[in-house]
Amino acid sequence: MVTAKALVLPELNAPFQLVDVELDSLRPDEVLVELKATSICATDPAVQRGKIPLDFPVVLGHEGAGIVKEIGTAVSGLSVGDHVVLSYNSCGKCRHCQKRNNFRCVEIMKRNFGGKREDGTQTLNWNGKPVSSCFFGQSSFCNPAVVQANSCVKVDSSLDLAVVCSLGCGIQTGAGSVFNVVKPVEGDIRSLGIFGLGAVGCAAVMAAKIISQDKPKVLSQIIAVDTNEGRLKLATDLGATHTINPEKEDVKARLSEITRQEGLDAAVDCSGVLSVINTMIESIGAGGIAVTIGNPGNDSKASVPILPFIAGAKTYSACHQGNADSKSFIPHLASLYLQGRLPIDCLQKLYKAENINEAIADMKSGSVIKPVLLWT
Ligand SMILES: [Zn+2]
Ligand SMILES: [Zn+2]
């Protein structure tokens, strides 16, 4: 039996504890990964405080990166020694997965938030008892980790795993919302509003800048909205052409002024705050698209004014994981990082894995955007 170090959440609202756990044997479709780094995404502390229900104790972690140590008998396309970024899990068999639209997998909730394998067993035990696991198919707050093969994305071994681990969820989601959902085409989309400047929103700003550089006349207005002045300054450095602080300015009035009363051509909400989502929806102009990323709560309902949406042929959309096929999108994002066009390392701060509680406190206070835990 393989033993591992894991950051266990023993119960609701408790701090994480670094403990020894025992790993279950590999199933045919699983991979043993030696983690080098795991970054923290907002969904991890959301489980800790009960916003997302899972049975406790649980091992979370869904932005891992490491090296393949062992592969199950049915795994193809991966070898021992491969470097992998771990992303969301999917069944690989349904009609959406067959078309590489895995983000629409019919088993997406079960495979990522089910807390166990398909056969109902757990990948690890703590004090001889099973612990909720398979979070995003990886539970990468554990080293080494038993990972579902569909969560593994092979990447070039020259990449710094402490940087590219963050591509697994948050960065993929923010960049994908712009590249894959807004999908600006020549001349059609001039203005893009980005609401909320966590890692997801900052990645959306980076993606928007890339598109504005590659496609003339597209996204000439990249408007970042947040209450944190430091993050507005960062957004400007990353490519935002305008910033709005809702604590100092009326957001709708300012957006109307910037867009010359036309409204936004596109917007993405990365805050997950219902009032902000509704402001975004109301700020969309004719032919525009508003995209929801963050979930303000499982019972939340956004308000779409139907007649203006009919009259303006507007779209209100949601997206999941940036509607990205992680197997191709993550290597693409990694190459953009290497080109200096997706500077995600400027969002990161490194911590020893055992200092996870400090890292989460820093993320909550707003002093750090993307904490990265190192397994050294
Ligand atoms: Zn996430
Ligand atoms: Zn599927």
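Guide: A salt bridge is a side-chain nitrogen of Lys or Arg within 4 Å of a carboxyl oxygen of Asp or Glu. The model is predicted, and it holds 20 salt bridges.

Begin with Asp-24 and Arg-117, whose side chains meet in a salt bridge at 2.8 Å, N to O. Asp-24 lies in the loop between strand E2 (17-23) and strand E3 (30-39), and Arg-117 in the loop between helix H3 (108-113) and strand E7 (124-126), so the pair ties together parts that are 93 residues apart in sequence. Buried means under 20% relative accessible area, exposed over 50%, and partly exposed in between. Arg-117 has a relative accessible area of 5%, so Arg-117 is buried. Asp-24 has 24% and is therefore partly exposed.

Next comes Arg-100, which forms a salt bridge with Asp-325, the closest N and O atoms being 3.1 Å apart. Arg-100 lies in the loop between helix H2 (95-98) and H3, while Asp-325 lies in the loop between strand E17 (315-318) and helix H11 (326-338), so this pair ties together parts that are 225 residues apart in sequence. Arg-100 counts as partly exposed because its relative accessibility is 47%. Asp-325 counts as buried because its value is 14%.

The pair of Glu-257 and Arg-254 is a salt bridge with its closest N and O atoms 3.4 Å apart. Both residues lie in helix H8 (residues 251-258), 3 residues apart, which is about one turn of the helix. Glu-257 has a relative accessible area of 52%, so Glu-257 is exposed. Salt bridges that share partners also join Asp-24, Arg-27, Glu-30, Arg-117 and Asp-119 into one network.

Cys-97 and Cys-105 are buried.

His-62 sits in the loop between strand E4 (58-59) and strand E5 (64-71), and Cys-169 in the loop between helix H4 (161-164) and helix H5 (170-182); the two are 107 residues apart and link distant parts of the chain. Both His-62 and Cys-169 are buried.

On the surface, Ile-306, Leu-307 and Ile-310 form a nonpolar patch, with about 360 Å² of accessible area together. Ile-310 belongs to helix H10 (residues 306-311). Ile-310 has a relative accessible area of 59%, so Ile-310 is exposed.

Finally, the whole chain. The protein has 12 helices and 19 strands. Of its 376 residues, 56% are buried. The C-alpha atoms fill a box of roughly 65 × 40 × 40 Å, taken along the principal axes. A compact globule with 376 residues would have a radius of gyration near 21 Å, and the protein agrees with this because it has 20 Å.

Key. Residues numbered from 1 in each chain as written. Chains lettered and ligands numbered in written order. Predicted model: local features only at pLDDT ≥ 70, side-chain atom pairs only at ≥ 80, totals over all residues. Heavy atoms only, no water. Patch = residues over 30% accessible without salt bridge, like charges linked within 9 Å, V, L, I, M, F, W, Y side chains within 5 Å. Areas by Shrake-Rupley, 256 points an atom, 1.4 Å probe, with all protein chains shown as cover. Helix = DSSP H or I, 4+ residues; strand = E, 2+ residues; numbered from the N terminus. Buried < 20%, exposed > 50% of the residue type's maximum accessible area, 1.4 Å probe, protein only. Rg over C-alpha atoms; globule rule 2.2 N^0.38 Å.
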